[in-house]
Amino acid sequence: KDKTIEMVDLKTKKLFLKRCEYPSIQLNDLYIGAIATVHSRQLKIVDYADLFTRKHFESSKEKTFAMIKPDCYQHIGKIIDIIEHSGFVIGNIRMAKMSLANAEEFYAEHKGKPFFTNLTNFICSDFVVGMELVGEEAIARWRKLIGPTNCEVARKEAPNSIRAIFGTEGVKNACHGSDSPGSASREIEFFFGEKTKLKPTAFLTNCTSCVIKPHIVMEANVGKIVDKILSEGFEISALQMFFLDKATSEEFLEVYKNVLPEYSAMASHLTSGPCVALEVRQENAVNSFREVCGPHDPEIARTLRPDTIRAKFGFDRVKNAVHCTDLEEDGPLEVEYFFTVLQQK
C-alpha cells in the first residue's frame, strides 16, 4: 500500500532485494499467474509465500474468462473500457478467429442443445476477443455485469448491463462469461494455455503496428484507445497482451537507437508492465494511423493536434501512450515481430 516492495529468497531466508519504493507495481498486479517486472527482471508469480497471505487474498484474486462475441466487434473498445472501470484486472487478452472445430470444442458442454449449431456457427463467423479477468468474486461479478443471456430480458431486468446495451438477439448477445471456477479454468487454458489451438489473426498486409504502452494499461485506458482506433475507421485484425523483457524491447525499438535520445528510457518503459500490440489495417495504414496517433511529443500534440491519441493520453516523450510504425515499409515487419516472431519464442 505504500508503493514499496521487498524480495526474500524463500530457501535461504536471505534478503534478495532491500525494501524500496517501486510505484510501477500495484497490489492489483499481484496474483497467481501474473508476470511482474522488477528492475527489468521478469518474475512469474507461482504461489503465495505463506498461509496468511493465501487466506487473505485467494478470494479477492479469483479468475474468470470473458469473451466479446463477433456481433460486438465495433464495440470492443467500449466493452474493454467498462471492464477496466468495474474493478477487474485484465490479466491477459487476445483476439482470435475460431474455426468451427474450435467453437465446438469451446462450447462442448452445450452439445446436443437446440442452440448449439447456431451458436458455434456464429462464434466462428468473425473475430472474438478473449480475456482473463481477475478480481474479487470475478465469476459472479462478470456475469452480473454482462446481464441475463436473453437480451430482451436483460433490457428489462438489467438495463445497464452489457447485453442490454450491446446485445441484439439470440446467440448475438455481446459477451460470454464463465459460469463456474472449473469452466473459467478450462476456458482460460483453451485461449491462453501453451497448447492452445488458436492462431494469431494478423494479415500482415495493408497494416501498421500499434503498441499500447504499459502506463496506459496501468491507467486503465486501453479500451478508450481501442475505441478511438475503431471509431476512426481502422480495422483491428490482431490484438494481444505481451510482457516484454529487456532484450526483446531493445530489439523491437532498435531502429531508434542512436536516433532518439529517449531510446533507452523507451525500451525500459516497455518492460515495466504488460503492453497490448495491435495490427491496424486500412489503405495507406502507416501514414493514416500516424495522423491519428499525433506527434511523438504529447506536449506538441496537445498544441497542434489536440484530438490525437498522444495528445489525450500521453504524458511525455517516453510515456506517450502508443508506439506506431513510422516508415511505410516497416508496417508489416513490426506486426510480424509481435504476431509471428514472438509467438515462436
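Ground rules. Residues are numbered from 1 along each chain as its sequence is written, and side-chain values use heavy atoms, with hydrogens and water left out. Because the model is predicted, local features need pLDDT of at least 70 and side-chain atom pairs count only at pLDDT 80 or more, while totals for chains, interfaces and linings use all residues.

Rings to begin. The search of the whole structure returns 15 aromatic pairs. The rings are those of Phe, Tyr and Trp, the last by its six-membered ring, and they pair if their centres lie within 6.5 Å. Planes under 30 degrees apart count as stacked, over 60 as edge-to-face, and the rest as tilted.

Take F88 and W142. Their centres sit 6.4 Å apart, with 90° between the planes, and that makes the pair edge-to-face. This pair links distant parts of the chain, 54 residues apart. F88 is in the loop between helix 2 (76-84) and strand 6 (89-96); W142 is in helix 5 (residues 138-146). Helices here are DSSP runs (H or I, at least four residues), as are strands (E, at least two), numbered from the N terminus.

Is F88 buried or exposed? F88 is buried, and W142 is too. Buried means under 20% relative accessible area, exposed means over 50%, and partly exposed is in between (1.4 Å probe, protein chains only).

R141 lies over its face, 4.3 Å from the ring centre. R281 does likewise with F203, at 4.4 Å. The test for a charge over a ring: NZ of Lys or CZ of Arg within 6 Å of the ring centre and within 35 degrees of the ring normal. Elsewhere, ring pairs join F65, F106, Y107, F190, F191 and F192 into a cluster.

Next, the cores. A nonpolar core is a set of buried Ala, Val, Leu, Ile, Met, Phe, Trp, Tyr and Cys residues joined through side-chain atoms within 4.5 Å. In soluble globular proteins, nonpolar side chains tend to be buried together.

Which residues touch the most other members of the largest core? M131, I212, I229 and L278, out of 47 residues. Helix 10 (residues 222-231) gives the most to this core: five residues. Look at I229. Leaving aside residues up to four places away in sequence, I229 touches C210, F234, I236, L278, V280, F289 and I309. Contact there means heavy atoms within 4.5 Å. A second, separate core has 21 residues, including C207, L253, V318 and F338.

Last, charges. The whole-structure search gives 17 salt bridges. The criterion is a side-chain nitrogen of Lys or Arg within 4 Å of a carboxyl oxygen of Asp or Glu.

E232 and K228 meet at 3.0 Å, N to O. E232 is partly exposed because its relative accessibility is 37%. K228, at 15%, counts as buried.

D326 and R290 meet at 3.6 Å, N to O. They are 36 residues apart, with D326 in the loop between strand 12 (322-324) and helix 16 (331-341), and R290 in helix 13 (residues 285-293). D326 has 31% relative accessibility, so it counts as partly exposed. R290, at 36%, also counts as partly exposed.

R317 and D297 form a salt bridge too, their closest N and O atoms 4.0 Å apart. Why does D297 count as buried? Because its relative accessibility is 17%. R317, at 28%, is partly exposed.

One network to finish: salt bridges that share partners join E109, R186 and E187.
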